[in-house]
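Please look through the structure shown here. The paragraphs below go from aromatic residues to the strands and helices, and then to the cores.

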Amino acid sequence: MEQSVRECRSASLQSICRAPIASLDCMEEFQSTAEQLCLQLTSGGLQGYTTPTSVSRQTSVVTPGLRYRNLGKSGLRVSSVGLGTWVTFGGNVSEEQAESVVVAAYDAGVNLFDISEAHSGTRAEIELGNILQKKNWKRHTYVVATKIYWNAKSEERGLSRKHIISSVQASLARLKLSYIDIVIVHKCDPMCPTEEIVRAMTHVISQGWVMYWGTSRWSPVEIMEAYTNCRQFNCITPIIEQTEYHIFCREKAELYLPELYNKIGVGLMAWSPISMNLISGRGEENTVGCLTKPSLKQKYGSFSWVEDETTLMNKDERTQVEEMQKQREKLKEISTLASRMGCSLTQLTIAWTLKHESVQCLLIGASTPQQFYHALYSLQLVPKINATIMSELDKILENKPVRPPMISTLALR
């Protein structure tokens, strides 16, 4: 009798201690209590936020509210906030200023740097490579994510095996690295077989040039097709989908990507025009700025991806203007709410995005260290956004995505 009781107790202990399958709940349990204590000790507004002077990469106390999560269901751990270099290496930002932003992000505990061929051509990869070589940081302390980008006007079109391999080799040479942590395939190529794409990505990973691969601006159907081909041909599956997610773009990130995470382990790396300062709101100035698509193209025309975004918005100018006016009115109401909370519109929208558990990493952009710290303060606002604030925001936005009702095939017959 006693032996059976002991066996039952040991079985129950094993079930409690057994490592669960990677999930959002499991990722949260790995966070250290030091981060929680650091978050509780932090109080006050942006004026009370101090720039971190020195940070030990071995400790978890880096920035209040900053957490580290597994990307997708892989073992790669990244900070919940990453540096998107769209603004950092673009426009009129000098090399010294760009370096100061990268160093500020690294010192604050951010370990993910996202770059792309679309960031002013090859400048982003070259300058980031120079910064990493100059600072001589330990390779395991940062993660570099770059993209294989193509569009209809680029010299090399499509996602052929030749284009993928040559792009990876060129990125390695510009970054001056022995390997790239994540290579993201930007846009799916309808003219190239999915089997060729997944086999090419498996090849560059097998060669040791790349550790992981992911997708960007792929539809859920295309991601599922890539996963199916990977399983069929014994290839390496993608771990991440990088997609646009903010208060005016919610359906894909809230309805479909969490389901893909649970089914096939594809995580969500989000970017937002608001966090990238493409749409800027400054609650402290009591003004709200919102860039229309034509002004977006005029201001950020050096980014080749802007052409793809703006060509889709030229169908109905009247509808576009009406939609932008509605967004301005909503931004004004949200700005009032942000002022009541003691933060800016940008900080509130970033905190709103980070509040959703499906977002494993949010990319923020900045052209100066001050802008970066201004956005990073949003981490301290996440605990303040309770159910009341979320419901109030949903009432203002009126765009919470809802799944369409299930249709029975028997009823159709």
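Tyr106 and Trp137 are both buried, a term that stands for under 20% relative accessible area, with exposed meaning over 50% and partly exposed in between (1.4 Å probe, protein chains only). The model is predicted: local features need pLDDT of at least 70, side-chain atom pairs count only at pLDDT 80 or more, and totals for chains, interfaces and linings use all residues. Residues are numbered from 1 along each chain as its sequence is written, and side-chain values use heavy atoms, leaving out hydrogens and water.

A search of the whole structure gives 4 aromatic pairs. Rings of Phe, Tyr and Trp (its six-membered ring) pair if their centres lie within 6.5 Å; planes under 30 degrees apart count as stacked, over 60 as edge-to-face and the rest as tilted. One of the pairs joins Trp86 and Trp271, whose ring centres are 4.7 Å apart and whose planes stand at 45°, so this pair is tilted. Trp86 is in the loop between β3 and α4, while Trp271 is in strand β9, so the pair ties together parts 185 residues apart in sequence. Trp86 counts as buried at 6% relative accessibility, and Trp271 is buried at 7% relative accessible area. Tyr106 and Trp137 form a stacked pair, 3.8 Å centre to centre with 5° between the planes.

Now to the strands. Helices (H or I, at least four residues) and strands (E, at least two) are DSSP runs, numbered from the N terminus. Strand β3 (residues 81-84) pairs with β12 (residues 359-364) in the parallel sense over 3 bridges. Val81 has Leu362 in β12 as its bridge partner.

What of the interior? A nonpolar core is a set of buried Ala, Val, Leu, Ile, Met, Phe, Trp, Tyr and Cys residues joined through side-chain atoms within 4.5 Å. The largest core has 91 residues, of which Leu128, Met201, Leu348 and Phe372 touch the most other members. Helix α4 (residues 95-107) gives the largest share of this core, 7 residues. A second, separate core has 15 residues, including Val78, Ile184, Ile239 and Trp271.

Note on methods:
Two strands pair if DSSP finds at least two bridges between them.
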